[in-house]
Amino acid sequence: MKDKFFFEKKILTVDKLFPEKSFKAKKKIVSVKTLKNADKDDLTFYDSKTYINHASSTKASYCITTSNLSKDLPSNIEKIIVKNVLYELAKTLKKIYPSADIDYPDLSLKKANKKLYKTVKFGNNVLIGKNVKLGIGTIIGSNTIIEHDVVIGKNCVIGSNTILKNSIIGDRVMIQDDCKIGQKGFGFIPNQNRNIKFPHIGRVYIHDDVEIASACTIDRGSIDDTVIGKNSYLDNQVHIAHNVKIGSNCMIAGQVGFAGSSSIGNNVSIGGQAGVSGHLKIGNNVKIAGGSGVVKDIDDNQTVMGYPAIPLKEFIKKRKK
Amino acid sequence: MKDKFFFEKKILTVDKLFPEKSFKAKKKIVSVKTLKNADKDDLTFYDSKTYINHASSTKASYCITTSNLSKDLPSNIEKIIVKNVLYELAKTLKKIYPSADIDYPDLSLKKANKKLYKTVKFGNNVLIGKNVKLGIGTIIGSNTIIEHDVVIGKNCVIGSNTILKNSIIGDRVMIQDDCKIGQKGFGFIPNQNRNIKFPHIGRVYIHDDVEIASACTIDRGSIDDTVIGKNSYLDNQVHIAHNVKIGSNCMIAGQVGFAGSSSIGNNVSIGGQAGVSGHLKIGNNVKIAGGSGVVKDIDDNQTVMGYPAIPLKEFIKKRKK
Amino acid sequence: MKDKFFFEKKILTVDKLFPEKSFKAKKKIVSVKTLKNADKDDLTFYDSKTYINHASSTKASYCITTSNLSKDLPSNIEKIIVKNVLYELAKTLKKIYPSADIDYPDLSLKKANKKLYKTVKFGNNVLIGKNVKLGIGTIIGSNTIIEHDVVIGKNCVIGSNTILKNSIIGDRVMIQDDCKIGQKGFGFIPNQNRNIKFPHIGRVYIHDDVEIASACTIDRGSIDDTVIGKNSYLDNQVHIAHNVKIGSNCMIAGQVGFAGSSSIGNNVSIGGQAGVSGHLKIGNNVKIAGGSGVVKDIDDNQTVMGYPAIPLKEFIKKRKK
């Protein structure tokens, strides 16, 4: 399951991808991964000091980076020095994964074949793509679309009018009506008159016993995955951007939004309409009051409120002034 | 209509439900209702001093409560003393209503039978469950799903891609595209690794002349109903949680959210993206500015703004400091 | 394309519309338009000093206005003096455009006829209305509904479960899953027990290279159009109310909401969950921080934050107190 991959991929050697650069070893690129997840023969990228620890220990063979940041990388990695890392990364991803930058609807969808999925119950007009795996006892509501290669575990209940793509879903997961899970995130390189769309080759990984209420949107990861941990519950109209990691046993109330790449600990509870900015680290057992706007990291066991969110005690003191 | 009920129900005597307790009268439980709505032979629950007035006058025969709160109840009611009222209530509901804790999609849906509903107009692929009642002159858009036992009045217009379940809808109600109405609310007993899902046996009750714009979510009540009063209008992407009561002639702008069990008076207007916390009482003729976060009760005729929302005059004074 | 019109229209002379008024010339009304867009033989309306510049130069033949405001209009225009301009306008629109006040679902929809659209690719159960125009190379996902007379340009990708009506869409536009575009906006004349629904005869105009993520709602204009400028990108769950104009090259993050009739410049970026009130003018190159609530006009090149939003420097200074 860990290696399940959803996108068309071209096998290219590194010198074909970067013809203007020179390399010691002109290997085929196996995949493009984050500093942390990359392995031998993978291409990675390093664009921010935030990830310096992962940079120094990455196992990738090739890394797109800037001249300045390149010093943090292992000596044996081949560095591809550029001015704008994300721009070069987007262009490179497009060459390797030519159809991951636009969400082309799956045209392989067919009405659910009950002979193929004998232990699954379907509503009307359920549309299933190629190679979809559905666990025993799972029920899928009417008009729901499950695109190619999606994996759903045992005893799940998927509501009606829901769309799942590029996703791996555990056991006993409940997804209510009209959720959109696995679509491309909001990532692009701004460019006057024609932005450059950032290919999204990640997935959505939903662990066992998760419950997702109606009308939520969960974008797939760009390079990494978007993850919802075991037994976490989401209320209606929650929006989860690309690469967000949510721990286990979290409670996320209605209309909460997460910007990209933030990671949320375990046992976190978030009140309605709160927002969490991008690239933050929220600890375990954190409580975020409804309507708060979180713009910086939060340590374990904190309760915060306000816009920008501050510890609850400070918030109350400030208001008394 | 008042007694329309949507869930499978088992007839059980109180001693079967609570074998470790002793009772004077071992009656069959007719229903589980709130303190206020319960009648003879009903089971109710009392878990918060907020409802002390209803507790002292309830007509229920049995009540789940704590040792401490039990003193507020009438002397003739049989008290079921527990430590965690909602936990015991959830377990009991699950025994009586075994399928109300998960939104199993209605597998009885069939394409709309025009012979059965001669005075109704349907788009393509409209799916209708068993025992659905549709009033004269009503129009229903394509791909819309109306699950079993739903009642819709006369001259309504229901848009496309909308899902209605566990709901009773008046006359001349307009519901635009892609609304989700009647699904389970966000209620569960937190429990490491496997939360306990709270059965939702309530309904959504929408009165005459209501208009609901696109992509709204309105959860059904848990024990009580969720209610939208006559001639109230909701804009796009509004979220209404379980048990919320909205009065008549209200105007609720886009992306407003209500947490559970709050009650809103008549002639209330709420600006875009405002949020109302749970278990609050908002009076008549109240105005809530866009973006506000309401965290306490509001008296009649008040105008409030801010996060937390305060009277408009105070808000302006504070900002001038 | 500029004259593409989506609603049934009755040809009526001005004296039939306002029998209690007297007119010099009893002409047929060609259309109802804004002060700025109206031409000879059109009816317009003037209800707020905000539009005084457009009032003095309008080319309309007839104008509904108040006694007080009527002085700002050209001397040769025939003035229809009333107490409540919007109320009279709503009643008049209803006479000329009898079906624009309710979103009746399009009952002319049929499964996409591949012979009619040979250069277009369709998923399953795509429903297309009469006179729909689809450009070469466009792809449309499953269960998507495109109502009568909609125009979509070349090489567009429209996701699944999306609904388009009353809209004109350029080339290379990407609209992801479950968007609702072109429905009626949130406009009505409040009236105890039975509000008066305001007919919406405008359209949604989406320019080339726009990208709209999942679950967005974009209401059509009331008298004017709603417009999204070239190469602007919207994230998930964005709500755009009637008559809003968004410039080109804008970036609008998840769950942002716009109230009606605001105009946004070019190169504007807006963070997640921000809200923009109605009838505002936001300049070019403006940056609005996530979670902000914008309640007044913003000049070009400003960065604002907070609720209500103020220039970033002021926001930081205030917080340090």
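Which residue in β33(C) does C:Lys287 stand opposite? The residue facing C:Lys287 in β33(C) is C:Thr303. This briefing concerns a predicted model.

**Relation and contact of chains A and C**
- Contact between the two chains involves 33 residues of chain A and 36 residues of chain C.
- On the side of chain A that touches chain C, 15 residues are nonpolar, 14 are polar and four are charged.

**Strand pairing around β33(C)**
- Strand β33 (residues 303-306) of chain C pairs in the parallel sense with strand β31 (residues 287-288) of chain C, over two bridges.
- Strand β33(C) also runs antiparallel to strand β34 (residues 309-311) of chain C, to which three bridges join it.
- The bridge partner of C:Gly306 in β34(C) is C:Ala309.

**Surroundings of C:Ile175**
- C:Ile175 belongs to strand β14 (residues 174-175) of chain C.
- C:Ile175 counts as buried because it has 29 C-beta neighbours inside 10 Å, where the cut-off for a buried residue is 20 or more.
- Apart from neighbours within four places in sequence, C:Ile175 is in contact with C:Ile158, C:Gly159, C:Thr162 and C:Ile212.
- The C-alpha atoms of C:Ile175 and C:Val210 lie 8.2 Å apart, and these residues are 35 residues apart in sequence.

Definitions and conventions
Residues are numbered from 1 along each chain as its sequence is written. Chains are lettered from A and ligands numbered from 1 in the order in which they are written. This is a predicted model: local features need pLDDT of at least 70, side-chain atom pairs count only at pLDDT 80 or more; totals for chains, interfaces and linings use all residues. Helices (H or I, at least four residues) and strands (E, at least two) are DSSP runs, numbered from the N terminus. A residue is buried if 20 or more other C-beta atoms lie within 10 Å of its own, exposed if 12 or fewer, and partly exposed in between; C-beta atoms are placed from the backbone. Two residues are in contact if their C-beta atoms, placed from the backbone, lie within 7 Å. Ala, Val, Leu, Ile, Met, Phe, Trp, Tyr, Cys and Pro count as nonpolar, Asp, Glu, Lys and Arg as charged, and the others, Gly among them, as polar. Two strands pair if DSSP finds at least two bridges between them.
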